Amino acid sequence: MLKPTPATRMGLSIAAAVGVYGVSFGALSVAAGLNVWQTCALSALMFTGGSQFAFIGVIAGGGTGAAAWAAATLLGVRNGVYGMQLKALIRPPAKLIPLMAQLTIDESTATASGQDEHDERVRGFWTAGVGVFILWNLFTLVGALAGDAIGDPGRWGLDGAAVAAFLGLLWPRLTGRDPVAIAIVAAMTTIIALPLVPPGIPVLLAAATTALWWFWRKRRTA
Amino acid sequence: MSLGAWVLFAAATAYLIKLAGYLLPQSFLDRPDVHELAAALTVGLLASLTVMNTLGKGQAVALDARLLSLVAAAIALKLRAPYIVVVVVGALAAGLGRLAGLP
């Protein structure tokens, strides 16, 4: 399964760039007042970074468990859209769906969507999904145990690696006028939405404007 | 409910949302229109995630060393560098930018 192909290399690169951030989550979660087990349970069971940060953010701010649940749930809605997208792209066998669902996050969806062939999409999904899962959980534990001693992974430029990783997935799709127009619409939506709505929602709004743009084009050319 | 119970409840909800997307019937997802829309959404999604990772800082826009990563990665892609090289170039650009005193 792990023979080196473009998709597996992309999946592993993105897993390395993103998974290490588990250390930030682990440290912040313990600082917010969760114990090590609760912290690790969030990374293993919830396993969607945006929602996890939202959950502990509300708790750190003195919010209730119900408010933390609501924030995490709102930010997790995009994963439902990803599931739909992945089913359309990959047509997974039914018996794999329960496991795929757990690994359905930004990175695995992006890596799968970035490939042109079915087998590469499948390899991309699993490499990024399993890769991020292992590293994210490992580094969550490290962060939860070590606390602030480790510092911010941004110091080593890992946030820059994530930027490059997503741009590298987008780049090959920017062929022709339509994809470029869509990318601009989605990028502008995201920039406008970033300061206005909680993290995780701008991606949903970008998906909505992309869909609107597509319907408008469809009607005009029909 | 205790905090531990809310952790488990929130995790279960997150899983059910992920699963819900997969429960749409394959016949619906196989329609050519839906495929076209999925392709468009892919581009929109990747563009949004790129921008979010470049500019997002919690619920705010921040201009910092990550912009260097975006530019450096774009140049590397233009020069047809392999994916892993692009990712490393992105990390180096942000790391060097911070050494030079950028936020």
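**Nonpolar cores and the A–B interface**

The largest nonpolar core of this predicted model holds 73 residues. Leu34(A), Leu42(A), Met46(A), Phe55(A), Phe125(A) and Leu169(A) have the most contacts inside it. A nonpolar core is a set of buried Ala, Val, Leu, Ile, Met, Phe, Trp, Tyr and Cys residues joined through side-chain atoms within 4.5 Å; buried means under 20% relative accessible area (1.4 Å probe, protein chains only).

Local features need pLDDT of at least 70, side-chain atom pairs count only at pLDDT 80 or more, and totals for chains, interfaces and linings use all residues. Side-chain values use heavy atoms, without hydrogens and water; residues are numbered from 1 along each chain, and chains are lettered from A in the order in which they are written.

In contact (heavy atoms within 4.5 Å) are 83 residues of chain A and 64 residues of chain B. The area buried between the two chains is about 6,400 Å², taken as the accessible area (1.4 Å probe) lost on being put together, summed over both. Carbon and sulfur atoms give 74% of this area.

Four salt bridges cross the interface of chain A and chain B, each a side-chain nitrogen of Lys or Arg within 4 Å of a carboxyl oxygen of Asp or Glu. Arg98(B) forms a salt bridge with Asp159(A). Their closest N and O atoms are 2.7 Å apart. Helix α5 (residues 65–90) of chain A gives 15 residues, the largest share of the side of chain A that touches chain B; helices are DSSP runs (H or I, at least four residues).

Definitions and conventions. Buried means under 20% relative accessible area, exposed over 50%, partly exposed in between (1.4 Å probe, protein chains only). Helices (H or I, at least four residues) and strands (E, at least two) are DSSP runs, numbered from the N terminus.
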